[in-house]
Amino acid sequence: MYDNLVNFLQLTAFNLVTWQMCVMWIVVLVLFYLAVFKEFEPLLLVPIAFGALIANLPTQGVVNQAPGPVLAPFDARVVAWHVRVGDEVKEGMKLATLAPTNPNARDEPVLVARSHGKLISIVAPVGAVVLEGQPLTEVYSNEPGGLFYYLSKGIHWELFPPLIFLGVGALTDFGPLIARPITLLLGGAAQLGVAMTFLGATLLGFSSGEAASIGIIGGADGPTAIFTANKLAPHLLSAIAVAAYSYMSLVPLIQPPIMRLLTTKKERLIRMKSLRPVSKLERLLFAVLVTVVCILLVPAASALIAMLMLGNFLRECGVTDRLVKASQNEIINVITIFLGTSVGMTMTGEAFLRAETLKIIGLGVVAFGISTAGGILMAKVLNLFLRNDRINPLIGSAGVSAVPMAARVSHVEGQKYDTGNYLLMHAMGPNVAGVIGTAVIAGYYIATLGGH
Amino acid sequence: MAVLSLLHPASMPLAAASGSFTFLYQVGYQAAGMMIVLGALGGLWLIVAALGRVLRLSQPDHPPVTRPLAASPSPAPAPVDSGLDPRLIAAISAAIHVTLKSRFQLVSIQPEQTHTPAWSQEGRREIYQSHRVR
């Protein structure tokens with residue numbers, strides 16, 4: 001009986017728990033608290049937190065890769081092999097020691113097995129110099145990879161963010177924007193935070209790709225932030241996604257002080273003219289127009305723009321009810337679960353507990369603040385030219401995407417000074433313009449910084 | 001010209017990615033990015049505004065009905081003094097008429113038993129119902 005107990009205890013995973021996992025459990029508890037009890041973006045934070053919990057447990061058959069070639073994670077020289085051909089390897093086992101060929105690289109020099117199986121060949125012997133993506137060895141097994149290995153492909157292959165955008169498009173009413181198209185400029189100006197944070201991040205030592213991914217947090221658009229980070233800085237994906245979604249839920253706390261600081265009481269009392277009704281034809285032409293113009297200008301953002309406008313066209317055409325309902329409910333809900341848990345699965349202690357994470361979280365709030373200011377200041381500039389139909393600058397802050405939270409903040413803030421002033425629909429214009437603006441600047445970064 | 005050259009990705013292959021550029025270069029790079037975003041959205045503004053104008057000109061609103069209203073077949077009932085502002089009663093009556101599109105008689109008006117302003121609540125309900133994620 002004693003032997004049985006000892007054998008059983010040797011099969012448990014307690015000895016595989018690391019201090020990083022314990023710290024991440026605290027992070028997970030904080031995320032659960034914010035999501036469940038404070039209701040901070042719970043639809044995203046709950047799956048993210050649960051994914052992070054799974055990522056920080058010594059699981060089996062959940063995240064292991066499918067057997068096959070083991071590729072070089074970075075440009076490197078093979079220093080030593082710790083296994084031989086014919087050995088059985090398990091997930092987490094050290095396979096080789098690598099030396100990065102780039103002296104400035106901060107990569108982990110140890111190559112670790114991500115799948116179970118038998119080592120059937122070593123392609124790169126000791127001393128060989130390999131480029132990122134070249135095969136080093138091959139693992140064979142009849143067993144497939146784990147569930148989250150396949151789900152995470154939805155992020156790596158950039159499937160989930162555009163699919164989320166399909167649902168977002170089907171849920172978005174561009175009517176207020178079409179009725180008052182000048183508010184497109186507010187959504188554009190709100191990208192100022194993205195640009196300024198890029199500069200701040202480069203000053204803090206981040207590379208251009210990393211800085212662009214961090215800056216996109218200021219666009220307050222989760223799918224676009226994930227899309228950009230996956231292309232330009234995949235190693236920062238988890239920190240960027242958590243920062244983006246956390247700050248989006250904190251919009252009601254972050255924006256009002258900036259709104260009050262940058263506007264006068266007289267400006268906050270401006271009542272805007274009622275929006276004109278928008279015809280179905282206008283709505284359909286708008287969807288086509290945005291698709292054509294944005295894709296011609298920034299083809300790198302094609303997937304996001306195309307799916308956003310496909311969803312919106314389905315909504316506005318009025319003859320595809322079943323597809324619209326599927327996009328608005330089943331598709332976006334299923335993808336949200338997969339996206340959230342897959343992002344959470346990237347939050348391993350080794351990847352998340354770094355100084356860079358704190359910097360990203362700090363830069364994220366700066367990005368939000370400057371984006372808010374950019375929209376407000378643009379509204380004030382436009383008011384210099386608009387005499388009869390002035391814009392309440394409070395709606396400028398809604399230029400950060402965060403749909404519809406940011407629009408609601410504009411409305412609530414306006415009502416504090418004039419209870420009869422209904423800014424909600426006016427603010428929805430810059431709010432949805434911000435979605436397009438963030439996709440455009442993300443496409444600019446991806447195109448110019450060489451996202452794969 | 002610098003901005004125009006940035007419009008095409010191939011004209012700036014992996015440029016800023018090398019990390020060897022000065023801060024001033026990065027400032028110019030960001031300025032170009034903002035110009036592209038504002039240019040794209042500004043262009044959309046002009047096109048959408050022009051499109052809206054053209055469509056409204058080609059599809060003018062139906063002219064308002066000018067025929068005189070027929071005399072009411074029966075005298076309106078005497079208003080009950082509810083203590084409410086007559087303008088509020090008129091607005092509620094108009095809203096009911098638009099919604100029901102048929103004859104009706106307003107019997108009573110009861111305030112909603114909530115501490116939240118009804119308009120805000122309705123707006124919030126609509127918005128949150130239709131925008132769940134993000």
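**Notes on the predicted two-chain model**

1. Let's start with the overall division of chain A. The domain assignment gives domain 1 as residues 69–143 and domain 2 as residues 153–449. Taken over C-alpha atoms, the centres of these two domains of chain A are separated by 40 Å. Please keep in mind as you read on that this is a predicted model.

2. Chain B is quick to describe. Its secondary structure comes to four helices and zero strands, and the pattern along the sequence reads α-α-α-α. Of the 134 residues in chain B, 15% count as buried.

3. Next, the place where the chains meet. On one side are 53 residues of chain A, in contact with 38 residues of chain B. Several helices of chain A each supply at least two residues to the side that touches chain B: H3 (42–55), H6, H8 (184–189), H9 (192–203), H10 (208–215), H15 (280–297), H17 (321–345) and H21 (424–449). Which helix gives the most to that side of chain A? The answer is H21(A), with 10 residues. Sorted by class, the side of chain A that touches chain B holds 36 nonpolar, 15 polar and two charged residues.

4. Helix H6(A), one of the helices that supply residues to the side touching chain B, also packs against another helix of its own chain. The axes of H6(A) and H16(A) (residues 302–317) are 6 Å apart, at an angle of about 30°. An angle under 35 degrees counts as roughly parallel, so that is the description for H6(A) and H16(A). Their crossing is right-handed. From H6(A), the residues that meet H16(A) include A:Pro161, A:Pro162, A:Phe165 and A:Leu166; among their partners in H16(A) are A:Met307, A:Leu308, A:Asn312 and A:Arg315. The residues of this contact divide into 14 nonpolar, four polar and one charged.

5. The crossing of H13(A) and H19(A) is right-handed. H13(A) brings A:Ile254, A:Gln255, A:Ile258, A:Met259 and A:Leu262 to the contact, while the residues from H19(A) include A:Val365, A:Phe368, A:Thr372 and A:Ile376. By class, the contact of H13(A) with H19(A) has nine nonpolar, three polar and no charged residues.

6. Is helix H11(A) enclosed or open? Since 11 of the 11 residues in H11(A) (residues 222–232) are buried, the helix is largely enclosed by the rest of the structure.

7. The loop between H19 (355–385) and H20 (405–415) of chain A deserves a careful look at the backbone. Most residues other than glycine have a negative phi, and most peptide bonds are trans. A:Pro404 lies in this loop, and a cis peptide bond joins A:Val403 to A:Pro404, with omega at about -5°. A:Ala402 is in the loop between H19 and H20 as well, and its phi is positive, near 30°. With 34 C-beta neighbours inside 10 Å, A:Ala402 counts as buried.

8. Another positive phi turns up at A:Glu158, where the value is near 55°. A:Glu158 sits in the loop between H5 (153–156) and H6 (160–171) of chain A.

9. A:Met24 is buried, with 23 other C-beta atoms within 10 Å; the cut-off for buried is 20 or more. Leaving aside neighbours within four places in sequence, A:Met24 is in contact with A:Ala52, A:Asn56, A:Met347, A:Gly349 and A:Phe352. The C-alpha atoms of A:Met24 and A:Ile155 are separated by 22 Å, and these residues are 131 apart along the chain.

Methods
Residues are numbered from 1 along each chain as its sequence is written. Chains are lettered from A and ligands numbered from 1 in the order in which they are written. This is a predicted model: local features need pLDDT of at least 70, side-chain atom pairs count only at pLDDT 80 or more; totals for chains, interfaces and linings use all residues. A residue is buried if 20 or more other C-beta atoms lie within 10 Å of its own, exposed if 12 or fewer, and partly exposed in between; C-beta atoms are placed from the backbone. Two residues are in contact if their C-beta atoms, placed from the backbone, lie within 7 Å. Ala, Val, Leu, Ile, Met, Phe, Trp, Tyr, Cys and Pro count as nonpolar, Asp, Glu, Lys and Arg as charged, and the others, Gly among them, as polar. Axes are lines fitted to C-alpha atoms, for helices over the stretch in contact, and angles run from 0 to 180 degrees between N-to-C directions. Angles under 35 degrees count as roughly parallel, over 145 as roughly antiparallel, 65 to 115 as roughly perpendicular and the rest as oblique. A crossing is left-handed if the near helix is turned anticlockwise from the far one by less than a right angle, and right-handed if clockwise. Domain bounds come from an automatic or database domain assignment.
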